[in-house]
Amino acid sequence: MTADVAKLDAYWMPFTANRQFKQAPRLLTRADGMFFRDDKGREVLDGIAGLWCVNAGHNRPRIVKAIQEQAAELDFAPPFQMAHPKAFELAERLAAIAPTGMNRVFFTNSGSESVDTALKMAIAYHRVRGEGARTRLIGRERGYHGVNFGGISVGGMVANRKMFGSLLAGVDHIRHTHDPARNAFSVGIPQHGAELADDLERLVALHDASTIAAVIVEPVAGSTGVLVPPAGYLQRLREICDKHGILLIFDEVITGFGRTGNPFAAQTFGVTPDLMTVAKGITNGCVPMGAVFAQQKIHDAFMTGPEHLIEFFHGYTYSAHPLACAAGIATLDTYADDDLLMRAARMQDEFAKALHSLRDEPNVIDVRNIGLVGGVELKSLPGEPAKRAFNVFLDCWDKGLLIRTTGDTIALSPPLIIESSHIERIIDTLRGALRRAA
């Protein structure tokens, strides 16, 4: 069914060029496995797992059935002073695959909410321990941590920040890790730049460690264009945080649930944070949900005082929503049935080889990859940043491939069920689009 253009006006679309879209709508009506179908009946290969979230592929029977049955059994349960069994079951299941020691789970409804929750947890943790002066939050240039005020304050993507005032006070940023002069066309983890983590010491010297609550980074910066951390960088960041009593938060909203070849990127890089935010793949994108993983020491610091009093004044109406919990449990079962949380490790060499075959195509200035995520950075058109990549996006759409662009970088994050034939089709389609955009 083709949409009536006259009926497209009311919906103000997020992160979208609304005027361009409504002149030539791109409407998806069905999905199954690796593919969408649009309103014209065309098959569109999903090269980005919906939006970094449909890790197990679309229309998985176990997840669909779980959501349907849960809606008929218990559609809603109040999360304040009440609960339902599946909330506890999902939390236990998540803790079982989390990095060692991250065994407390607080549920939210999105990545943005997870980030703001983790930031509040960090500040409150220091306060309940008697270090109430630790209120400063440190993000990273080019970081993306959702769109709530906390997330855009610690985030470092200019377009997401510049229109919204002064944001939160007491926030600073360390340098980003993008270093094309030394690391361009690295296959997997770049070798140069671990010392960039030492920029945190500069901010400690400027503000004093006694005022800093937490540092938040994405293990792999996704929305800014797939920036893979240099070897040793995250380890160094962990060491500096430990030295100064600063909490380390990993934002794993896009890297969680198998994207880098392990359940979480923290395990891929061998670095355990104090707090970790997730969303997206937690329910395979089927029902909105997020979570914050906390080390037990953080949870236990709040468990003081009279037992009848609320320990942490924070939460959401839809925290641990029954449908989301049912979807989350079925998603974990699906990941386990197909061994998907480790599949990126088995597919990454083939994916990397295919992706890096694009390095000599017109206007390609860098290719980056880890697990089943890749970035292809393009030379910008003079005076028209982001337009070249957007033209490639439109060309790929016309040829039956969905990709994502951020600035002039093309991002790929296909479902973890991807096969060799899908990789070949993605790269061949993208190659043709790059040549036509030259």
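The legends below walk through several close-up views of a predicted model.

**Before the close-ups: how the values were made.** In this predicted model, local features need pLDDT of at least 70 and side-chain atom pairs count only at pLDDT 80 or more, while totals for chains, interfaces and linings use all residues. Residues are numbered from 1 along each chain as its sequence is written, and side-chain values use heavy atoms, with hydrogens and water left out. Helices (H or I, at least four residues) and strands (E, at least two) are DSSP runs, numbered from the N terminus.

**View 1. Confidence along the protein chain.** The mean pLDDT (the predictor's confidence in each residue, from 0 to 100) of the protein chain is 97. A value of 70 or more is reached by 99% of the residues. Which element has the lowest mean pLDDT, and which the highest? Helix H7 (residues 158-161) has the lowest, at 94, and strand S8 (residues 247-251) has the highest, at 99. As a reminder for any model of this kind, where pLDDT is low, the predicted coordinates should not be read in detail.

**View 2. The mixed sheet S1-S2-S3-S13.** Here four strands form an open sheet in the order S1-S2-S3-S13, with mixed pairing; two strands pair if DSSP finds at least two bridges between them. Strand S1 (28-32) and strand S13 (401-402) are the edge strands, and each pairs on one side only. Helix H16 packs on this sheet and touches S2, S3 and S13, where contact means heavy atoms within 4.5 Å. The direction of H16 makes about 100 degrees with that of S3; axes are lines fitted to C-alpha atoms, for helices over the stretch in contact, and angles run from 0 to 180 degrees between N-to-C directions.

View 3. Strand S2 (residues 35-38) and strand S3 (residues 43-46) are antiparallel partners, joined over three bridges. Follow Phe 36 across to its bridge partner in S3, Val 44, and then Arg 37, which stands opposite Glu 43 in S3. The two strands form a hairpin with four residues between them, and Gly 41 in the turn has a positive phi of about 85 degrees. S3 also pairs with S13, in the parallel sense and over two bridges; there, Leu 45 has Leu 401 as its bridge partner in S13.

View 4. S11 and strand S12 (residues 373-378) pair in the antiparallel sense over six bridges, with Val 364 opposite Leu 378 in S12.

**View 5. Helix H15 meets helix H16.** The axes of H15 (residues 387-398) and H16 (residues 420-436) come within 9 Å and cross at roughly 130 degrees. The two helices are therefore oblique to each other (angles under 35 degrees count as roughly parallel, over 145 as roughly antiparallel, 65 to 115 as roughly perpendicular and the rest as oblique). H15 contributes Val 392, Asp 395 and Cys 396, which meet Thr 429, Leu 430, Ala 433, Leu 434 and Arg 436 in H16. By class, the residues of this contact divide into five nonpolar, one polar and two charged; Ala, Val, Leu, Ile, Met, Phe, Trp, Tyr, Cys and Pro count as nonpolar, Asp, Glu, Lys and Arg as charged, and the others, Gly among them, as polar.

**View 6. Helix H3 beside helix H13.** How are H3 and H13 oriented to each other? Helix H3 (residues 61-73) and helix H13 (residues 322-338) pack at an angle of about 155 degrees, with their axes 8 Å apart, and are therefore roughly antiparallel to each other. Residues of H3 in the contact include Ile 63, Ala 66 and Ile 67, and those of H13 include Leu 323, Ala 326 and Ala 330. The contact of H3 with H13 has nine nonpolar, three polar and three charged residues.
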